[in-house]
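Student: I have a structure to work through and I want to learn how to read it. Where do we begin?

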Protein chains: 2
Amino acid sequence: MSDIPLSIATLNRLLAEVVDLRNAASLIAWDERVCMPPGGVPVHGDMSATIQRIAHDKFTSDELGRALSDARRDAESLPPELPMARLVRVAARDYDRAVRVPGDYVEEHAQVASAAHQAWQAARAESSYASFQPHLEKLVRLARQYAGFFEPLAHPYDALMDPYEPGILTSEVQGIFSVLRSRQVDLARAIQDRPAPDAPFARAEYGEPQMLAFSTEVISAFGFDWTRGRQDKSTHPFAVPIGSDDVRITTRFDPRNPFEMLFAAMHETGHALYEQGVSPEWNRTLARGGASLGVHESQSRLWENIVGRSRPFWEHFYPRLQQGFQSQLGSVALEKFHKAVNRVKPSLIRVEADEVTYNLHVMVRVEIEIAMLTGAISTADAPAYWNTKMQEYLGVQPDTDANGILQDMHWSVGLFGYFATYTLGNLIAVQLWDKYTADDPQWAARIRRGEFGSLREWLRSALHQHGRSYTPRELVERITGQQISTAPYLAYLESKYGELYGLSPIGPA
Amino acid sequence: MSDIPLSIATLNRLLAEVVDLRNAASLIAWDERVCMPPGGVPVHGDMSATIQRIAHDKFTSDELGRALSDARRDAESLPPELPMARLVRVAARDYDRAVRVPGDYVEEHAQVASAAHQAWQAARAESSYASFQPHLEKLVRLARQYAGFFEPLAHPYDALMDPYEPGILTSEVQGIFSVLRSRQVDLARAIQDRPAPDAPFARAEYGEPQMLAFSTEVISAFGFDWTRGRQDKSTHPFAVPIGSDDVRITTRFDPRNPFEMLFAAMHETGHALYEQGVSPEWNRTLARGGASLGVHESQSRLWENIVGRSRPFWEHFYPRLQQGFQSQLGSVALEKFHKAVNRVKPSLIRVEADEVTYNLHVMVRVEIEIAMLTGAISTADAPAYWNTKMQEYLGVQPDTDANGILQDMHWSVGLFGYFATYTLGNLIAVQLWDKYTADDPQWAARIRRGEFGSLREWLRSALHQHGRSYTPRELVERITGQQISTAPYLAYLESKYGELYGLSPIGPA
């Protein structure tokens, strides 16, 4: 970035400060979930609120607004592919969104969400939707108000998705769902008609230190850079970047679900490899990080499901796993184990869902969000709507609201417009995978040898390095030559699970 | 704090934000030393610099200056003992100091110190004073310039000590040293004439997990509040408060010095109990924290040396230690062990010094600082000066500058005026101890039972709760009815070590 116009240099300097503050907020959030003693709650809350408020004030300040306006003017005469031109576009996109939302609204939202989250925790513990409903009502009203800041819109829900998935429209998501819905429902039903794999070894006792050692071996093989990251324990696994050179993931061990640790570690490593792979040229800029939640999720899903539940992967790693767990797995054949880690079983809980049913959980949530937002249903109607949809898509009925509409924390903190990103991630993952395997015909042989460098470097070069400097749409089209699409995903799913469950060919004639 | 004048409420609101930022800077510093992966250095540096700059800008802003000026006016009509009046005085003291130092100076100092610290690390590794000297020269010039901002002064060194020990004068410290010097030199020499205790068990092999478990038992008995703090490992032990309700200490294990972990844990716990004991009414104010470095050090010294190396302490804990380390200590009598942990041996390295010689190390440093600051010696003269003083006070000669003038990191980051606080801490510790033992005649019986609640609560009530709301001088006088004084300290030292080493009565006739 030599010969950088003064206006852009000024903008970058102001934004670097905002990025520093946001990184600090990330570190505080990580610390809260990994290190903080219980007494630290208030002091962490104060630090975090102050830093986020200062970051917001600085980002939406007149000074930054003027710098951005000058930089936009000067960027017009630059080739649009130039990194600094892309950077100005990212800043403009974020700024234009941020300044539309009044400070009073941000404050009210934070207060309502804080109370709602507390209420949700209690409501879920008691499975009492009624005590959460008034809070949800307020949050839906706030979501509607938020959408109002962005009018005119083709659909009010567009405004809610935009922060997580820039440029993706409600009509597109609805189109995607209408294709996926019947095909995934049919696939899940066809599988349910087949005998369920018997896998007593999946419920055996496994030692936590041994499982941690194995999962650490796997993510090291994937290429997690331990000099620029770390792994800790936390209640729920997550990944958080404090810049590209300090990317932290967490894991947990549940003795009743011993392999969860392993697949969750692969999942978080997918997120981490993306962050660690962003080009250093985006350090201290708004272009650092992932292009969207959907693109981020594509990386976690790719490593967890497409790679980590694949036959070649286990051809390499299963003998090593057997070695570590002789008594549990010594007599279990690879084929049986591979089938067990790809078991399909419609369940009530999204975070426990398999590949075949996951999107169906997402659809239930997105459809209810849209219906509440547009007033098609009231918040009072939502639990019955939820249960009906679960029966229709998954053939299961929540026994309680805790295992139904109260299960996810998203709404309790005001996250509307978020869920669709999981499905977009699933689609994008397969599109990227198809392109990679076409570019590297040796892919299966490499994975069978435990070599993941070729895949990782392909992803870095095609995707990771660009950070947020392209939109999700631009990225997918640049890399695959296609728009975000359902066909590759359905082909992957129907082929993989058709084979695993010995189904007759399914899908459209 | 009901009926708080608007001016003071405004001031408190502005200061709360500064405190939040400083707490965040503390968390980042802790993370750097405990968690950060190596790649995180630049991103942490940026976060930390930005947050500290914003905190400084906000603290010295016109808005805060006006609020403080209004608050000072309104505080004049309040009883001076009222918490809010004390708070305004603390804020005024800090503000008046901060605004005297120009931003350009702060920036230059940060740059010089950063380069000097790098140079010092290399210089110490190679024991090459010559490569550090140009940096020290710049730092001394900056220290002189700093003192200039505070003229008129009785002594330029007063300005350097003030940030660490508010209100303490160079003349007082010199007076203290002139009393301590000959008495501590004489005591050390008398001890050197006695046979050294033989303690092969102090060099035996001890397991780290067992030693950690024992030291954790000890600091839990002292009253470290694990719900409002935590303990980790780091290269050098330290304590850092992120507010009063999240106080973090660190420890380390050196197999060549197995008991260091234990005494360092007691030391850091002394700091932590002070921070955890500050009254919640000072949360998010400038009055949170310790009154000065010297007062802080008094707490760490008290718990480590006066309690942790005392006979009653080991009467309780030695049988438990023996149980954990049968093969190493099973046949070692309590008396022998107690004498070993109070071994006196003049050494080259301050951080390894015993109670009798510690202040002598401090004097060497303070005397050189004053001599360089006033131009009595040049930085070129400093190593020879150091070695002469070491010979004179401790009877030892550094073999290398690495084990001599280059051993401490303080000067390399521009910390002049800091060392005297260690000696002040030693004096204050004994003054507080004398008052406590007078107030609680059962003290020895309690400690023999492993009960430390009485001491801890006495300290909390007398000292900890007040945070920074009184100056060190005010605190010592309020609690003990005396000024900071050498006599109790010398009496403690001469009595304890006279007894341990079977010396004939020493001290002034």
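Tutor: Begin with a term. Contact means heavy atoms within 4.5 Å. Keep in mind that this is a predicted model.

Student: Which strands does helix 10 of chain B lie across?

Tutor: Helix 10 (residues 260-276) of chain B lies across strand 1, strand 2 and strand 3 of chain B. Its direction is about 170° to strand 3 of chain B.

Student: In what order do the three strands of chain B stand in their sheet?

Tutor: The order is 1-3-2, in an open sheet with mixed pairing. Strand 1 (229-233) and strand 2 (239-241) of chain B are the edge strands, each pairing on one side only. From one strand to the next, the twist averages 20°.

Student: Why is strand 1 of chain B described as largely enclosed?

Tutor: Count its buried residues. Buried means under 20% relative accessible area. Four of the five residues of strand 1 of chain B are buried, so the rest of the structure largely encloses this strand.

Student: What about the sheet in chain A?

Tutor: Chain A has three strands in an open sheet, order 1-3-2, with mixed pairing. Strand 1 (229-233) and strand 2 (239-241) of chain A have a single partner strand each, so one side of each lacks a neighbour in the sheet. The twist averages 20° from one strand to the next. Strand 1 and strand 3 (residues 247-251) of chain A pair in the parallel sense over five bridges. Asp232(A) stands opposite Thr250(A) in strand 3 of chain A.

Student: Back to chain B. Which residues does Ala239(B) touch?

Tutor: Set aside residues up to four places away in sequence. Ala239(B) then touches Arg248(B), Ile249(B), Glu268(B) and His271(B). Ala239(B) sits in strand 2 of chain B. Ala239(B) counts as partly exposed because its relative accessibility is 28%.

Student: Is His271(B) buried or exposed?

Tutor: Buried, because its relative accessibility is 13%. His271(B) belongs to helix 10 of chain B. Leaving out neighbours within four places in sequence, its contacts are Ala239(B), His296(B), Glu297(B) and Ser300(B).

Student: What caps the N-terminal end of helix 11 of chain B?

Tutor: Look for a side chain that reaches a backbone nitrogen. Ser292(B) is the cap: its side-chain oxygen lies 3.3 Å from the backbone nitrogen of Gly294(B). At the start of helix 12 of chain B, a side-chain oxygen of Ser310(B) comes to within 3.2 Å of the backbone nitrogen of Phe313(B).

Student: How many residues of helix 11 of chain B are buried?

Tutor: 14 of its 15, so the helix is mostly covered, given that buried means under 20% relative accessible area. For helix 12 of chain B, the buried residues include Trp314(B), Phe317(B) and Leu321(B). Among the elements that cover them are helix 9 (208-222), helix 10 and helix 11 of chain B.

Student: Which backbone angles deserve a look?

Tutor: The bond from Glu151(A) to Pro152(A) is cis, with omega near 0°. A cis peptide bond also joins Glu151(B) and Pro152(B). Then check phi. Arg284(B) has a phi near 60°, a positive value in a residue other than glycine. Arg284(B) lies in the loop between helix 10 and helix 11 of chain B.

Methods:
Residues numbered from 1 in each chain as written. Chains lettered and ligands numbered in written order. Predicted model: local features only at pLDDT ≥ 70, side-chain atom pairs only at ≥ 80, totals over all residues. Heavy atoms only, no water. Buried < 20%, exposed > 50% of the residue type's maximum accessible area, 1.4 Å probe, protein only. Helix = DSSP H or I, 4+ residues; strand = E, 2+ residues; numbered from the N terminus. Polar contact = N/O pair within 3.5 Å; in protein donor to acceptor, adjacent residues only side chain to side chain. Pairing = 2+ DSSP bridges. Axes fitted to C-alpha atoms, helices over the stretch in contact; angles between N-to-C directions.
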